[in-house]
Amino acid sequence: MDNEIVLKEKDGKVTFPINTSPCYVRGMKDGAKMTLGDSDHSDSGPAKESVRLANPAGDSWHVSTERDEDYENSHPEFIKRFPGKMSIQGVNASAEQGGKALAVHLEPQEKERKTMPFYTTLVPPKPITIPGKASHLGLWVRAASDWGRVVYCLRDAKGERWLSVGKKNEWNCDDPNCWSQFNFDGWRYLRFELPANAPYDGYREAGTTWWGYYGQGDGVVDLPLTLEKVLVERRTHVIQLDQLKPANPEDVLLANLRAEYEKPADQSDEAIRLARLRMPHPAATPELENPIQKLLETGGGAPTTITKVAPPEREYDGTRCLVFFEAVSGAKSYDVWVSPYPDGRGAICLAQGWTEPGKLLTGLNANTALYLFVTYTDQNGKISRPSAAKHILLKDDFPFK
């Protein structure tokens, strides 16, 4: 922001911090040298409320060569991931990191990919249950800015699979914050937010944005969560401005893995019980007004027929569609009604005054079963009987949000 800081010289040297924002140094004389100092990761460390889950070296994790197609194909339009040859060995680490660490070494590959990452799979002796309702996973990592990463593979209590690469066909949810990326030098504690649903109404909590659910399931996190494996990405090259350069081949070290909590009570079985509470379903169908039934009884002209519903040419996010129906001779205008029930209960008139079929209907809900009805008004102002119900279930297929 062009805010000047005056640097004080000592023994012909000045020291100043840098970060991800540009820093301009003025007043340097000819022959001056600039040296990069040690990294400062004091901004990151385990939360006060946290428990140790594992240490990949101390707990005898092993490498699996089994491919993970969900992970590989989660975002093929942006990135392609390839199984790679990597070896592991245990090494010493400081007490802060757990005393031991697992060194992950990227071996020479059969085929060079350069801009795409290789991955290997680290598996604990048995799946690790995360107690209670944790808010984050935290992992101590020593890296050398090779822009690899870790990916967590979880399973919830109902067997639904959760991967920390976002949901397939969703836009920009594959760790855009770089919380799991090796974009640093030295030891750093990487904290990654966990998915969750609130009790009772099942509200989708913010951390779920960075996770995708795969396979059979309803997209609701059922506690407790279990860690099945960790995928480790490594890259042979990095992009520096407009140049592709070899990455630092130094081993990546993985040490203590921790679960973090917002408050002590979240570590208990009671937190799991509360998370499982759900709003009871109504015992009977709600009593709603039915404008469609009234129009069936009082409408004048013969009903039209909805012929098809099609996605729009752009922004096909499940809230918009094109509605086509048979045009009626003498019709002055058309209205489109939407109801959650096939008999028209609770229907609302979502579009009024259309002069022709095929216009854009907006204001819908994606991934929700709805029913469309079309009526028309004749030259005398008389509303027709409604068309037969047209069932729709629009998908959110627009990733660029």
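Q: What is the strand order in the open sheet of 4 strands?
A: The order is E20-E19-E22-E23, and the pairing is antiparallel. Keep in mind that this is a predicted model.

Q: Which strands stand at the edges there, and why is one side of each left without a neighbour?
A: Strand E20 (348-354) and strand E23 (390-392) are the edge strands. Each has a single partner strand, so one side of each has no neighbour in the sheet.

Q: How many degrees are neighbouring strands of this sheet turned against each other on average?
A: The average is 25 degrees, direction ignored.

Q: What about E19 and E22, how many bridges join them?
A: There are 8 bridges. Strand E19 covers residues 331-339 and strand E22 covers residues 370-378, and the two run antiparallel.

Q: And which residue in E22 does Trp 337 stand opposite?
A: Trp 337 faces Phe 373 in E22.

Q: Switching to the open sheet of 3 strands: what order do they take?
A: E17-E18-E21, with antiparallel pairing.

Q: Which of its strands are at the edges?
A: Strand E17 (306-310) and strand E21 (359-362).

Q: Over how many bridges do E17 and E18 pair?
A: Over 4 bridges, in the antiparallel sense. Strand E18 spans residues 320-325.

Q: Which residue in E18 is the bridge partner of Ala 310?
A: Leu 322 is the partner of Ala 310.

Terms used:
Residues numbered from 1 in each chain as written. Predicted model: local features only at pLDDT ≥ 70, side-chain atom pairs only at ≥ 80, totals over all residues. Heavy atoms only, no water. Pairing = 2+ DSSP bridges. Axes fitted to C-alpha atoms, helices over the stretch in contact; angles between N-to-C directions.
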